[in-house]
Amino acid sequence: MPTPLLKGLTLRGLEVFETLARTGSVAATAAELGMSAPAVSQQMKNLAAALGVELVDHSRRPMVVTPAGRLFLDQATAALKALRAGQRDLTSLDLTHLSSLSLGVIEDFENEVTPLLATRLAEAMSQCAFVLKTGASHLLHAMVRARELDIAICASVQPPPDGIVELPLLNDPYILAVPKGVDVSAGLAGLRGLPLLRRDMDQVMGQQIEAYLDQSGIMPARRFEMDSNQSISALVARGKGWTITTPLSLLRGGRFADRIDAHPLPGVSMSRRIVLFATTDWAGGIPEQIAELARELIGEHFAEPGLEQMPWLGNSFRVLS
C-alpha cells in the first residue's frame with residue numbers, strides 16, 4: 001500500500017523552504033517568490049508541522065537549516081528538480097514553424113550553457129535555418145540593434161535599445177578577486193602593491209568597473225587592459241595582479257579557482273544583469289520559452305555551484321524570473 005502524502009506538505013512549502021535555506025531571510029524569500037513575509041512564515045510553520053521537526057533555526061541571523069532540515073532539504077531539492085524537469089518536458093519548445101532563428105550568446109556561457117542551449121533548440125527545430133554567434137555583450141547589442149540577430153543573451157545596457165524586449169535571466173554582482181592569501185582587510189587601497197587587471201573599455205563590464213572606481217575615488221595606474229576573461233583569471237592566479245569581476249566570470253575561469261580568493265566588493269555594491277534581448281516583432285512566446293530554458297541551464301551550471309563555493313553571495317547571485 002503506498003504511503004499517503006503527509007498532510008500539510010505542499011509544493012509551495014517546498015519552494016519556500018528551498019529558497020529560505022539559500023537566502024537565510026524571510027524577507028528575501030518573500031521578495032524572490034513574490035509572496036508576503038507572513039505567508040512565507042506560515043508556509044514554513046505548515047511544513048514543519050507536517051514533518052514533525054524544526055527545519056530552520058529562527059534564532060540565528062541569517063537563518064540556518066537545522067541538521068534535520070539539511071536531511072530533508074536534499075530530498076526536497078531533488079523532488080523540485082524532478083518536478084521542474086517534468087514541467088519543462090510538458091511545455092517543451094515548439095519551433096517547428098520557424099524558418100530561421102539567429103541567436104547570440106555571451107562568451108561567459110560558451111563551455112556549459114551555450115552547447116546545451118543549442119542542442120535543445122536544435123532538437124525543437126525541424127526545418128529551421130539556425131545561426132549561433134558568441135561574443136562580447138557590446139558586439140551582440142550592436143547586432144540586435146542592426147537586426148543581424150533575432151535574439152541575444154548578454155549583459156543589460158541602460159537604456160535598453162529601441163524596439164527591443166528585455167527578459168531578465170541572472171543577477172551577477174561584482175566581486176573582488178585577488179591572488180590566494182592576499183590580505184584585503186584594508187580595502188582596495190591596501191592592494192597598491194599589485195596592479196589592477198582592467199577589462200577592455202569597450203566591454204560593458206569594463207565601463208561599469210571604471211564607473212565604480214571613479215565613484216570610489218580610487219584610480220590605479222593603467223598597466224593592464226584585456227578583453228580576455230581567461231587571461232585575467234590566469235594572471236590573478238599567478239599573483240600578477242587583482243581584478244574586479246563577477247561570480248559568473250570567475251566560475252568561467254574554473255581551472256584557476258584554487259589559486260584565487262574572492263571577496264565582496266568594498267563600498268557600494270553593484271551588479272550586472274544578464275538578460276535576453278529580442279526584437280519586438282517576435283510573437284508566439286518564443287523569446288519567453290528560450291529565456292526559461294536559459295534560466296534553467298544558468299541555475300544548474302552557475303548559480304547553484306557558485307553559491308556552494310561562495311555562500312556569502314547570498315541572494316545577490318541569483319536567477320531572475
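Leaving aside neighbours within four places in sequence, which residues is I274 in contact with? The partners are I106, F109, I153, C154, A155, P168, L169, L170 and L248, contact being heavy atoms within 4.5 Å. The model is predicted: local features need pLDDT of at least 70, side-chain atom pairs count only at pLDDT 80 or more, and totals for chains, interfaces and linings use all residues. Residues are numbered from 1 along each chain as its sequence is written, and side-chain values use heavy atoms, with hydrogens and water left out.

I274 belongs to the largest nonpolar core, which holds 57 residues. A nonpolar core is a set of buried Ala, Val, Leu, Ile, Met, Phe, Trp, Tyr and Cys residues joined through side-chain atoms within 4.5 Å; buried means under 20% relative accessible area with a 1.4 Å probe, protein chains only. F109, I153, I274 and L276 touch the most other members. Helix α10 (residues 286–309) gives the most to this core, 9 residues. A second, separate core has 19 residues, including L9, L14, V40 and L55.

An open sheet of 6 strands runs in the order β4-β3-β5-β12-β6-β13, with mixed pairing. Helices (H or I, at least four residues) and strands (E, at least two) are DSSP runs, numbered from the N terminus; two strands pair if DSSP finds at least two bridges between them. The edge strands, β4 (129–135) and β13 (318–319), each pair on one side only. Strand β6 (residues 164–173) pairs with β13 in the antiparallel sense over 2 bridges. L170 stands opposite V319 in β13.

Methods
Buried < 20%, exposed > 50% of the residue type's maximum accessible area, 1.4 Å probe, protein only.
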